[in-house]
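I set down what I looked up, entry by entry.

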Amino acid sequence: MNDLEYHQIDQLIEAVLASSKYRSIDRDFVRYIGMRELARRQNLKESIKATKNKLHQVGGAYQDSTPRYAVWLDKLRQAAQAGDREHVPDVCKWVMGHHSSTRERLPLLEQFYSTILADLPPINSIIDIACGLHPLAIPWMPLSEHAHYYAYDIYQDMMDFLNECVALLHVQGYGKACNVLQDCPTQRVDVAFMLKVIPCLEQVDKSAGLRLLETINADHLVVSFPAYSLGGRKKGMVANYEARFYELVANKPWSIQRFAFPGELVFLLSKS
Ligand SMILES: C[S@@+](CC[C@H](N)C(=O)[O-])C[C@H]1O[C@@H](n2cnc3c(N)ncnc32)[C@H](O)[C@@H]1O
C-alpha cells in the first residue's frame, strides 16, 4: 500500500460506513474491499463507489429490505416463552424469509438436513460460514442435546441477532462478524456448512473456495450451490457450479456425496 492509499483508506471506510445500508458491515471487511479498490483506481471517489458496489453484490443484494432484528427477536422470544413447539419453527421460517438466499431453502427444510446428514454420527458442533439467516434452520437439524453452533457473516447487527437466537433455540455457541476470506474459522467441528458461499466469495477472491475447503477443520462439509441466479434465471448454472466443485476437489482424498434438490445442488464432503 503506498502513502496515498494509506491516507485515503480511512476516508473511504468512513464514507462507506456513513451510509445506512453499509454501516453494520464489519469494518475490517470494508477495509479489505476498499484497499483492493483503491489499489486499482487510485481515485478516492471512484473507489468509494466501487467498494459500495462490491459490498452490495456480496452482501446487500441478499437483503430485500432493512432487517428488523428487534421485531424478529421479540417474536421469537414470545414464541419460545409460550412453549408452543410448533410456533418457534413458524417464526424461524418467517424470519428466514427475509434473506433471499436463505429463503430459497424454505420449501426444502423438512428433507434437507434429514437427507444430507442422515448417515453421520451425532452432531455436537457446527460452523456456518457466511451464514446469512441460515442458523434459524436449527430446529430442522439433527443436533445432539448440547450441540455448539458457530455462525459467521460480515454484518455485526445480524450476528448480534443470531447470538440471541442460538440461545433461544437451545444450542450453545455464537454469531461473530468476520471476513472469512481473511479470517477463516479453524476450530475443530463435526460439520461445517458452506451453503451457496463459494460463488459469492470467489467474486472477490478466486482462490477462496479451495482455501476454505482445505482450511476448515471439520469432519464433514456441506457445500452447496444455487440453482438460480438472484434474478431468477437458470442460465446453465448448475452444470457450471458442479464442474467448478469437482475441479476444486480433484486429487483430494475426500469422499463426496451429491444431492440435487430443486433450487440447490449440495455436496457432502467427508474428510475423515
Ligand atoms: C449467497 S448468501 C448465503 C447465505 C447462507 N449461507 C444460506 O445459504 O442461507 C452469501 C452470504 O455470504 C455473506 N458474505 C459475503 N462475503 C463474506 C465474507 N467475506 N465473509 C463472511 N460472510 C460473507 C453475505 O453477507 C451473505 O449473507
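Entry 1, the largest pocket. I found 41 residues lining the largest pocket, with Val58, Tyr62, Lys196, Val197 and Cys200 nearest its centre. I used a 1 Å grid over the protein atoms alone: a pocket is an open set of points with protein on both sides within 12 Å along at least five of seven lines, a cavity is a set where a 1.4 Å probe fits but cannot get out, and lining residues have an atom within 4 Å of a point. The model is predicted, so I note that local features need pLDDT of at least 70, that side-chain atom pairs count only at pLDDT 80 or more, and that totals for chains, interfaces and linings use all residues. Residues are numbered from 1 along each chain as its sequence is written, and side-chain values use heavy atoms, with hydrogens and water left out.

The space in this largest pocket is about 670 Å³, a volume being the space filled by probe spheres set on grid points joined across faces, edges and corners. Among the elements giving two or more residues to its lining are helix 3 (44-58), strand 1 (123-129) and helix 11 (237-249). Helix 9 gives the largest share, three residues. Helices (H or I, at least four residues) and strands (E, at least two) are DSSP runs numbered from the N terminus.

I sorted this lining by class and found 24 nonpolar, 11 polar and six charged residues. Ala, Val, Leu, Ile, Met, Phe, Trp, Tyr, Cys and Pro count as nonpolar, Asp, Glu, Lys and Arg as charged, and the others, Gly among them, as polar.

Of its 17 lining residues, Arg85, Val88, Pro139, Leu169 and His170 lie nearest the centre. Strand 2 supplies the largest share, three residues. The lining divides into 11 nonpolar, three polar and three charged residues.

I searched the whole structure and found one cavity of 30 Å³ or more. The largest cavity holds about 50 Å³, and its lining includes Asp64, Trp72, His98, His99 and Met158.

I traced an open sheet of seven strands in the order 3-2-1-4-5-7-6, with mixed pairing; two strands pair if DSSP finds at least two bridges between them. Its edge strands are strand 3 (172-177) and strand 6 (255-261). Strand 1 and strand 2 are parallel and share six bridges. Ser125 has His148 in strand 2 as its bridge partner.
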